[in-house]
Amino acid sequence: MNRDLYEGHFIDRINRIYPGAYDRLPGIGALPEAAAEAILREILETGCLSQNCGNITAARRAVLRLPPDWVAAHVSRVAPSCLFREAEWREWEFRRAG
């Protein structure tokens, strides 16, 4: 797969949290919960707090690889620690999350 620089750095960050995790995103529920939630946090931060389109699209592609039921069960615990913390950025974070 031909990955751009931003996606490559993003994948490296995911894999530093838990080795080989990027390739295991569809089965993230099998990872230790703390590592899995740290990965979700990295995805959310990259996708919603970044201003570069390369980062945003890499995170969007990653979140689409996660099991929807798992995301629904964990996003409410992870998002408050990294998103919507500053009022002036909330609208932009929300837009990037879509």
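A: Contact means heavy atoms within 4.5 Å. Leaving aside neighbours within four places in sequence, Leu25 is in contact with Ile39, Ile43, Ala62, Arg65, Leu66 and Pro67. The model is predicted, so local features need pLDDT of at least 70 and side-chain atom pairs count only at pLDDT 80 or more, while totals for chains, interfaces and linings use all residues. Residues are numbered from 1 along each chain as its sequence is written, and side-chain values use heavy atoms, with hydrogens and water left out.

Q: Which residues have the most contacts inside the largest nonpolar core?

A: In soluble globular proteins, nonpolar side chains tend to be buried together. A nonpolar core is a set of buried (under 20% relative accessible area, 1.4 Å probe, protein chains only) Ala, Val, Leu, Ile, Met, Phe, Trp, Tyr and Cys residues joined through side-chain atoms within 4.5 Å. The largest has 20 residues, and Phe10, Leu25, Ile28, Ile39 and Ile43 have the most contacts inside it. Helices (DSSP runs of H or I, at least four residues, numbered from the N terminus) contribute as follows: H1 (5-17), H2 (33-49), H3 and H4 (68-78) each supply at least two residues of this core. H2 gives the most, with five residues.

Q: Which residues of H3 are buried?

A: An α-helix has 3.6 residues a turn, so residues three or four places apart point the same way. In H3, the buried residues are Gly54, Asn55, Ile56, Ala58, Ala59 and Ala62.

Q: Is Asp23 buried or exposed?

A: Asp23, in the loop between H1 and H2, is exposed (over 50%), with a relative accessible area of 59%.
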